[in-house]
Amino acid sequence: MYSYLARQPILNKDKVTIGYELLFRDGPENSFPNICDETATNRLLIDNFFSSGSNQVTGGKRGFVNFPHASLIQRVPLLFPKKSFIIEILETCEPNDELLEAVIELNQKGYTLALDDFIPSPEWKRFIPYIHIIKFDIRVTPIEKCMLFIRLHKTIKIKYLAEKVETYEEFVRAKDAGFDFFQGYFFSKPEMLQRKSLSPSSLTTLRLYQEICQSEVDYNKIEEIIATDVSLSYKLLRHVNGMFVIRAKPISSFKQALVYLGEERLRRFITFVATSHALENKPQSLYNLSLQRAQFCERLGARSPLNISSNQAFLMGLFSLLDSLLDQPLNELLLLLPLSSEIKEALLDHTGSLGMLLKLAMAYDTADWDSVNQCTSALKLKESDVADAYMSSVKWATAFERTMTKPDV
């Protein structure tokens, strides 16, 4: 049996990822309407916390887990260490005396509690002193109304989280209103609406992308590009050395690194480091999501019977966030890259097998299980393969994120 899990990043005011909300469903054909909240929560906890003691898919960050009424009354969170996750009290919970007693006990024992999709009402007022985070769905409660609530309760030590923040403008408005944390896909679109020139690091990245998309890698051109950017050269050498610790002598020049890596690993390695380089002023979540999508698409491309090139699937997944990465319209950026027409059409119009694969990746990111089911069927994939590929890609991207953010010694 497979657990179907998606995660949505939660960012602070500096757009740094502080945690992930974990979203469980029992597979594309047994989505939320056919499984109760209690079962969903229990399966998520068993699959992700019991076995390993900590949640591997959050990369050491806090996981936000939905808890329905019965789970809280039964004190299910007490089965886990208080730092394992943040308890989200579902909006469907009845604010009765039983629930209040459970919330008070969990608070006193050091657990962090959040009210999910909160709508202010007199019934919830007595719960507020025991809550650490209040989540507002800004699609349901306008930012202006949230701001009024935040100001009326400014003397209480509560953090506020804005859900379903879809644009950069909404992020700014929510931040100005007093929100501390943010959840949504505002970081997946360019922050600047007006046209702007590419930064030097973005230009370097784009030039590298142009080279790795060629049918044959030109080592001399890549070396020339890297040599113009000291920071990027340092990152590449540092991580190549880290990859091959078994060598008697460290790699001391980029030319040596190119030869040692070989063409295929060089393509992938430059992709990773160049992406990280361009994202120095971007949310880490965006970088991680780019790599995760690339790996997810590559794995499923190889498993689909529709003759999908795994290499093309990888590039398509990676470049699906290129507009956010370089703050330029995607259609203009793709004109500069020697990509196949199939990849370009998939990215711009979501057409063809690659386009269906991208739809699948995007649907899984948002836990849209009906769309996941449709795409899985269209690609002639097994549900178990999709679930396995997603979890593997999340863990792989998280592990790579750790290697990229290791402090220098």
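Tutor: Happy to. A polar contact here is a pair of N or O atoms within 3.5 Å; within protein, one must be able to donate a hydrogen and the other to accept it, and residues adjacent in sequence count only if both atoms are side-chain atoms. The model is predicted, so local features need pLDDT of at least 70 and side-chain atom pairs count only at pLDDT 80 or more, while totals for chains, interfaces and linings use all residues. Numbering starts from 1 along each chain as its sequence is written, and side-chain values use heavy atoms, with hydrogens and water left out.

Let's begin with N96, which sits in the loop between β4 (85-89) and α3 (97-108); helices (H or I, at least four residues) and strands (E, at least two) are DSSP runs, numbered from the N terminus. N96 counts as buried because its relative accessibility is 19%, where buried means under 20% relative accessible area, exposed over 50% and partly exposed in between (1.4 Å probe, protein chains only). Its side chain makes a polar contact with the side chain of H69, at 3.4 Å. Apart from neighbours within four places in sequence, N96 is in contact (heavy atoms within 4.5 Å) with H69, R126 and F127.

Now for the strand: L113 belongs to β5 (residues 113-115). With 0% relative accessibility, L113 is buried. Its C-alpha atom is separated by 6.1 Å from that of E88, 25 residues apart along the chain. Not counting residues up to four places away in sequence, L113 touches I87, I89, V103, L106, N107, Y130, I131, H132 and I133.
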